[in-house]
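Please read this briefing with the sequence and the 3D view side by side.

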Amino acid sequence: MKVRHKARAVLFDGDQLVFLRRGWPGGSTYCTTVGGGVEPGDADPEAALRREAMEELGATIGPVEELMTLTDPGGATTVVEHYFLADITDMDLSLRHGPELADPDTGDHEPVRVPLDVRAVSGLNLQPPALRDHVIEHIGTWAVRSAGNRRQGPL
């Protein structure tokens, strides 16, 4: 059986969280974390995450903390998603690039910023549900964590 690793992150920008809003014409909209597949040129999941943050947000991130791992046994391929926490240290949306942004068939990839608030996160349709539940469970702790980081810039 094949195993495919992905690296994703719950990102903080000051006292807010940054996710990606995904959607296709005629389909439902949902939010997810920045990230994607670990490619052969990536040294490890953290390197993949840093590459994906630049591609999807034009962002650099600070040190990462491991948050959780979700495994989907799938059919022929098992997908292992490594989730991290990180602070955005710099972001310039004009630097966004990559195959997802260049191909209209992959749908929208719009950054969205939300406060560290259970009600705000609950209204996002954050996927996957296990991640949404984890974020909601830890939002109070993260609010204390992010209180010292005030980089917050425009989206």
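Predicted model: local features only at pLDDT ≥ 70, side-chain atom pairs only at ≥ 80, totals over all residues.

Helices (H or I, at least four residues) and strands (E, at least two) are DSSP runs, numbered from the N terminus. The protein has four helices and seven strands.

**Overall fold**

- From the N terminus on, the elements follow the order β-β-β-β-α-β-β-α-β-α-α.
- The C-alpha trace spans about 45 × 35 × 30 Å along its principal axes.
- How does the radius of gyration of the protein agree with that of a compact globule? For 155 residues, a compact globule would have a radius of gyration near 15 Å. The protein has 15 Å, so the two agree.
- Buried residues account for 43% of the 155 residues.
- Take the contacts between residues at least 6 apart in sequence: 68% of them join residues at least 24 apart.
- The protein exposes about 7700 Å². Carbon and sulfur atoms supply 53% of that area.

**The largest pocket**

- The volume of the largest pocket is about 310 Å³.
- Its lining is made up of 21 residues. K6, R8, R22, G35 and G36 lie nearest the centre of the pocket.
- Which elements each supply at least two residues of this lining? Among the strands they are β1 (2–13), β2 (16–23), β3 (30–32), β4 (34–37) and β6 (77–91). Among the helices they are α1 (45–57) and α2 (99–102).
- Helix α1 gives the largest share of the lining, with four residues.
- How does the lining divide by class? The lining has 10 charged, six polar and five nonpolar residues.

**The loop between α3 and α4**

- This loop holds P128, and it lies between α3 (118–122) and α4 (129–146).
- Q127 and P128 are joined by a cis peptide bond, with omega at about 0°.
- N125 is not a glycine, yet its phi is positive, at about 55°.
- Is N125 buried, exposed or partly exposed? Its relative accessible area is 33%, so N125 counts as partly exposed. The partly exposed class runs between the buried cut-off of 20% and the exposed cut-off of 50%.

- I139 belongs to helix α4.
- Why does I139 count as buried? Its relative accessibility is 6%, and buried means under 20%.
- Leave out residues up to four places away in sequence, and I139 touches L116, D117, V118 and V121.
- Look at L116 in that list. I139 and L116 are 23 residues apart in sequence, but 6.1 Å apart in space, C-alpha to C-alpha.
- E55 belongs to helix α1.
- E55 counts as buried because its relative accessibility is 10%.
- Which residues does E55 touch, not counting residues up to four places away in sequence? They are R96, H97, P99, E100 and L101.

- T71 is part of strand β5 (residues 59–72).
- T71 has a relative accessible area of 52%, so it is exposed. The cut-off for exposed is over 50%.
- Beyond its neighbours within four places in sequence, T71 is in contact with T78, V79 and V80.
- T71 and R4 are 67 residues apart in sequence. In space they are 9.9 Å apart, C-alpha to C-alpha.
- Where is G75? It lies in the loop between β5 and β6.
- G75 is exposed because its relative accessible area is 60%.
- G75 and M1 are 74 residues apart along the chain, and 8.6 Å separates their C-alpha atoms.

Methods: Residues numbered from 1 in each chain as written. Heavy atoms only, no water. 1 Å grid on protein atoms, 1.4 Å probe; cavity = no way out; pocket = protein on both sides within 12 Å on 5 of 7 lines; lining within 4 Å. Points joined across faces, edges and corners; volume = space filled by probe spheres on them. Nonpolar A, V, L, I, M, F, W, Y, C, P; charged D, E, K, R; others polar. Buried < 20%, exposed > 50% of the residue type's maximum accessible area, 1.4 Å probe, protein only. Rg over C-alpha atoms; globule rule 2.2 N^0.38 Å. Contact = heavy atoms within 4.5 Å. Areas by Shrake-Rupley, 256 points an atom, 1.4 Å probe, with all protein chains shown as cover.
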